[in-house]
Amino acid sequence: MNAGPWLSVPPGGYGGIENIVATLVPPLRDLGVEVVLVSVGDSTLEVDELLSVFPVGQFRQLQRPYNQVNGVVPAHQHAVVRALRERSDIDLVHDHVEAAGLATLAALGRHDPPVLHTLHWDLHKHPELYGTFDGGGRVWVNGVSADQIARAPEALRAHAVGHVHLATPLAEGAHLRRPPEKGGHVVILGRITPGKGQDLGVRLAHQHGFDLILAGPVGPYHSAADLAAAGSTDNPDVAYFREKVEPYVDGWRVRWLGTVRPPARDDLVASARAVLAPLRWAEPGGTFVVEALALGTPVVGLARGCLPELVDHGRTGYLTEVDDELPDLLEAAAKLDPAESMRDAAARFTPALMASRYVELYRQVLAS
Ligand code: UDP
């Protein structure tokens, strides 16, 4: 199980891919799968074996744009290749490292084990790789939503074995828990980045007068103090935050809390009247969506990417194509029954369900 070099597993806060690996591995092991985790040295997830190149996560290196960070991903992927070359007890590689990392694995020889690569990203970001992807007969891919696979470049779709929705431990037994007490605030949870659309959220909050709380890092910076200390930086998310989001953060109508870690994160989301998803990109998997539903909070957002697959319009949230309809839908969402979202999450987004779907895909890949 290759989680990449950026953050430890579990990440202890922000970390989409690392959270999913931490969610997937325990139920996989319950199903009898032995897991060698390739991650960073201070990962604490219980596995059969941990392999690492870097002692700690390299997230800080992302002060610069991802494609200008040299050496981190290749060095990490090298550990995977070395392990495959030195031992014969690995049947399959489940890889979560995007683009540059996949290229390393795609270049492995025919005698190496097959690779199932889970797509976590906006595929159009890397046309040079994904647009001409050739799995060499040994690399297969799965999406985290049907939409992601449907819009993938043809070369990639030819190697797709299906999709598996993301899951959260919060969904386990969610239908048995008491629905939370609601406050008046709306939350946007996630990296502050143009694709997640926080700029639209903050503008709407000011125009329509609702209280909005943003939680999440800006680039590799987890707090306002962290960001101030960074001074000038090339990170595009920092530029986005400073130009389009920060001018609206007044500490009253709109607040930015930086990264919020569980359990505070879960309290923040559970007590919100809605989670807002003013997405600009085709959100591939949306962990924040399944987490909100599991916590009994409706999701209101733009109908992009995986959102229509995850949100049951009129029951667990509201979706629209139109930016200006979002404030009315936030009002409407306050009348939805949180118990419906919790029931839906308990039925559809548990770690055990995700693990059994992956075991099916592993079988499919091993049989090809
Ligand atoms: N997250 C968190 N604290 C924050 C912001 C995000 O713990 O302040 C978590 C969030 O709950 C989710 C993950 O980080 O589990 C982000 O994954 P998601 O798929 O929503 O977004 P990505 O960043 O992978 O696009």
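Predicted model: local features only at pLDDT ≥ 70, side-chain atom pairs only at ≥ 80, totals over all residues.

Which residue forms a salt bridge with Arg 29, and how far apart are the closest N and O atoms? I looked it up: the partner is Glu 46, and the closest N and O atoms are 3.9 Å apart. That pair links distant parts of the chain, since Arg 29 sits in helix H1 and Glu 46 in the loop between S1 and S2, 17 residues apart. I noted that 3.9 Å falls inside the 4 Å cut-off for a salt bridge. Over the whole model I get a count of 20 salt bridges.

**Ligand site**

Next I went to the ligand. I find 18 residues surrounding it, and the closest are Tyr 14, Arg 191, Val 260, Thr 287 and Glu 291. I sorted the shell by class and got five nonpolar, nine polar and four charged residues.

Which helices supply at least two residues each to this shell? I have H1, covering 16-30, and H11, covering 287-294. H11 gives the most, with three residues.

Arg 191 puts a polar side-chain atom 2.7 Å from a ligand oxygen. For Arg 265 I read 2.9 Å, again from a polar side-chain atom to an oxygen of the ligand. Gly 13 takes part through its backbone, with an N or O atom 3.3 Å from a ligand oxygen. I also looked at how covered the ligand is: taken alone it exposes 540 Å², and the protein buries 94% of that.

**Second largest pocket**

I moved on to the second largest pocket, where I get about 570 Å³ of space. Its lining is made of 26 residues, and those nearest its centre are Val 33, Glu 34, Val 35, Asp 91 and Leu 92. Several elements give two or more residues to this lining: strands S1 (36-39), S2 (49-52) and S3 (93-95), plus helices H2 (72-86) and H15 (351-367). H15 has the largest share, at four residues.

How does this lining divide by class? I count 16 nonpolar, three polar and seven charged residues.

**Cavities**

How many cavities of 30 Å³ or more does the structure hold? I find two. The largest cavity has a volume of about 60 Å³. Ten residues line it, and I wrote down Trp 121, Asp 122, Gln 148, Arg 151 and Ala 282 as nearest its centre. By class, the lining of this largest cavity comes out as four nonpolar, two polar and four charged.

**Cis peptides**

Last, the backbone. Val 9 and Pro 10 are joined by a cis peptide bond, with omega at about -5°. I place Pro 10 in the segment before H1.

Another cis bond joins Pro 262 and Pro 263, where omega is about 5°. Where is Pro 263 found? I traced it to the loop between strand S9 (254-256) and helix H10 (264-270).

Notes:
Residues numbered from 1 in each chain as written. Heavy atoms only, no water. Near = heavy atom within 4 Å. Polar contact = N/O pair within 3.5 Å; in protein donor to acceptor, adjacent residues only side chain to side chain. Areas by Shrake-Rupley, 256 points an atom, 1.4 Å probe, with all protein chains shown as cover. Nonpolar A, V, L, I, M, F, W, Y, C, P; charged D, E, K, R; others polar. 1 Å grid on protein atoms, 1.4 Å probe; cavity = no way out; pocket = protein on both sides within 12 Å on 5 of 7 lines; lining within 4 Å. Points joined across faces, edges and corners; volume = space filled by probe spheres on them. Salt bridge = Lys/Arg side-chain N within 4 Å of Asp/Glu carboxyl O.
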